[in-house]
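I opened my notebook to look at how two parts of one chain meet. Here is what I looked up, step by step.

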Amino acid sequence: MNLQFVDAEKRVHDTIIFPSFDLSVNPGQVSALYSSVNAREQIINLLLGKTALSHGEIRVGHKRLQHPSKDIGFLFLNTALYERLSIDEMLKFIKNLYESEQNIDRAIKAVRLDEKRKTRINKLSYSESRRVQFACLLLQNPAIYILEEPDQNLDLESKQIFLSLLQELRHSGKAILILTGNMESAVTAADEVYKLDVNGLSPIQVENNDPEKNEDQLEKEQQTDTAQPVQFKKIPTKVKDKIVLFNPPEIDYIESREGQSFIHIKGEAFPSDFTLQELENRLLPFGFFRCHRSYIVNLQKVREVITWTRNSYSLVLEDTNKSTIPLSKSKMSVLKEMLGLK
């Protein structure tokens, strides 16, 4: 059973939360929706039936979503548990509540809490409590899983358990949608990653960083298209074992620290294998400016130029964090000339 957003649009008064988009989350697939907190909350409220779309519809299988839906299970960022209950008691409560046929022992083993099953929930760490929530969702056994920031603030062991659970859910044919504001989380966990904002839905290009596969693909491309050179405009970055490709206009600025270049996008930093000089050469046609020996800035994102002293300047960006980056004295003169200022 799949989850479909068909021509889905949401407005609040005169504000567009997200314009019309189409998305299908299919069985055996993990999709991630990278968005703002506001857009994420709206998606959750729509799926819960608390609000309605301004246009379009949401379908489960071939039918329009009806509320409540037993086919959809939720893992919320802030899910309340009965803290005076033990893990065992909590799961028995959930099993009875949902009239589940799933095995409690299997759910506890899946989240690796066998040795703590008699422990009260208020004695667990945050990560262990989150794993209890995972187990509760496994007992519900829905066809479609909606996971809100599922690995936020988890310890390493719990993150690994979460990724193992996703793999098992894939194999069992579940459709899974992750809602997150963290790109690394989205890329690490999902098969397909999408960005949803006021400009609509757009796929984030992600490739497994498999050198042999990349070399084979490159060789095939060279064999099939040797006559015409290809201009590749996207900028590759690394997230764990995957390569993420960004369009230049998405980039706020680039920083070099201890010999490593980092590409900053919406408050997140992504490492790049390119040097600052190589990135400057690639991005120059897109309005990027080397404002300092350690920084390249997207001039379209600059809001203010601040003069601290006769020799000290900064650029303030209109990004998520209102970032302030240095502007060297020599580059200030170049910038003034570019802007037509004296």
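**Where two domains meet**

I began with the salt bridges, and I found a count of 2 between domain 1 and domain 2. I kept in mind that this is a predicted model.

I then looked at one pair, Asp197 and Lys266, which form a salt bridge.

Which elements give two or more residues to the side of domain 1 that touches domain 2? I noted helix H6 (183-189) and strand E9 (192-197). H6 gives the most to that side, with 4 residues.

I sorted the residues on this side of domain 1 by kind: 5 are nonpolar, 3 are polar and 3 are charged.

The domain assignment puts domain 1 at 3-204 and domain 2 at 235-339. Between their centres, taken over C-alpha atoms, I noted 35 Å.

How many residues of each domain are in contact with the other? I wrote down 11 residues of domain 1 and 9 residues of domain 2.

My last entry is on area. About 890 Å² is buried between domain 1 and domain 2, and carbon and sulfur atoms give 54% of it. Met183, Glu184 and Val187 supply 44% of the area that domain 1 buries against domain 2, more than any other three residues.

Definitions and conventions:
Residues numbered from 1 in each chain as written. Predicted model: local features only at pLDDT ≥ 70, side-chain atom pairs only at ≥ 80, totals over all residues. Heavy atoms only, no water. Domains from an automatic or database assignment. Contact = heavy atoms within 4.5 Å. Buried area = accessible area lost by both parts, 1.4 Å probe. Salt bridge = Lys/Arg side-chain N within 4 Å of Asp/Glu carboxyl O. Nonpolar A, V, L, I, M, F, W, Y, C, P; charged D, E, K, R; others polar.
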